[in-house]
Amino acid sequence: MTGSGTPLASALPGRMRLRHPLLRRPGLNRDLAERLTALDGLRVAESSTAAGSLLVLYDPTRVDRAAAEAHATASAAAVLGLDMLGLDTAPAAPSPAPAPAPQTGGQGGQSLTRRVNRAAKIGMMGSMAATLAALGVGKRVHAGAGAAFVALMLVHMVIQRKRLFQ
């Protein structure tokens, strides 16, 4: 329920997820996580500035669900500067927003790297199909289509090298 009222996106006994666009700011995300853990029995299991969310776990035998939800809602309202009537106000402690990733123009706001990677993946699928189809045609056609697949795969691997070699 981002942007309207409470940032409590989901709640089950022992588990709550808070989500709000302001939680994408690392400082606000960290402040809210610290404030939530002030209640004995609550702990932040997962904090994501990319998604603007916090996953809070608690022991339902020690902490009442209503009390946990009330604490989470009140803490979020205080840290994020939310009016619980559904109107966002200025954040209590403004943090600089992370700089957006540079984009080199393109279709639909996609970066050049992303478009090249997408073309490489589509080309890999097409060249794999051509490689299999070329088995019945001849060895040279099969080898050429295989070489195209390997070249496109190398382009994809170069673009994804940070994720591949973590």
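Guide: We will go through the chain, its strands, its core and its surface in turn. This is a predicted model, in which local features need pLDDT of at least 70 and side-chain atom pairs count only at pLDDT 80 or more, while totals for chains, interfaces and linings use all residues. Residues are numbered from 1 along each chain as its sequence is written, and side-chain values use heavy atoms, with hydrogens and water left out.

Visitor: How many helices and strands are there in the chain?

Guide: Helices (H or I, at least four residues) and strands (E, at least two) are DSSP runs, numbered from the N terminus. The chain has five helices and six strands. Along the sequence they follow the pattern β-β-α-β-β-α-β-β-α-α-α.

Visitor: Which way do β1 and β2 run, and how many bridges join them?

Guide: Two strands pair if DSSP finds at least two bridges between them. Here β1 and β2 run antiparallel and are joined by four bridges. Ser10 stands opposite Arg17 in β2. The two strands form a hairpin with two residues between them, and Gly14 in the turn has a positive phi of about 90 degrees. β2 also pairs with β4, again in the antiparallel sense, over five bridges. There, Arg15 has Leu57 in β4 as its bridge partner.

Visitor: Which residues of the largest nonpolar core touch the most other members?

Guide: A nonpolar core is a set of buried Ala, Val, Leu, Ile, Met, Phe, Trp, Tyr and Cys residues joined through side-chain atoms within 4.5 Å. Buried means under 20% relative accessible area, exposed over 50%, and partly exposed in between (1.4 Å probe, protein chains only). The largest core has 21 residues, and those touching the most other members are Met16, Leu18, Leu32, Leu36, Leu42 and Leu80. At least two residues each come from β1 (8-12), β2 (15-19), α1 (26-36), β4 (53-58) and α2 (65-80). The most come from α2, which gives five.

Visitor: What share of the chain is buried?

Guide: Of its 166 residues, 28% count as buried.

Visitor: Where does Leu164 lie, and is Leu164 buried or partly exposed?

Guide: Leu164 is in helix α5 (residues 161-164). Leu164 has a relative accessible area of 46%, so this residue counts as partly exposed.
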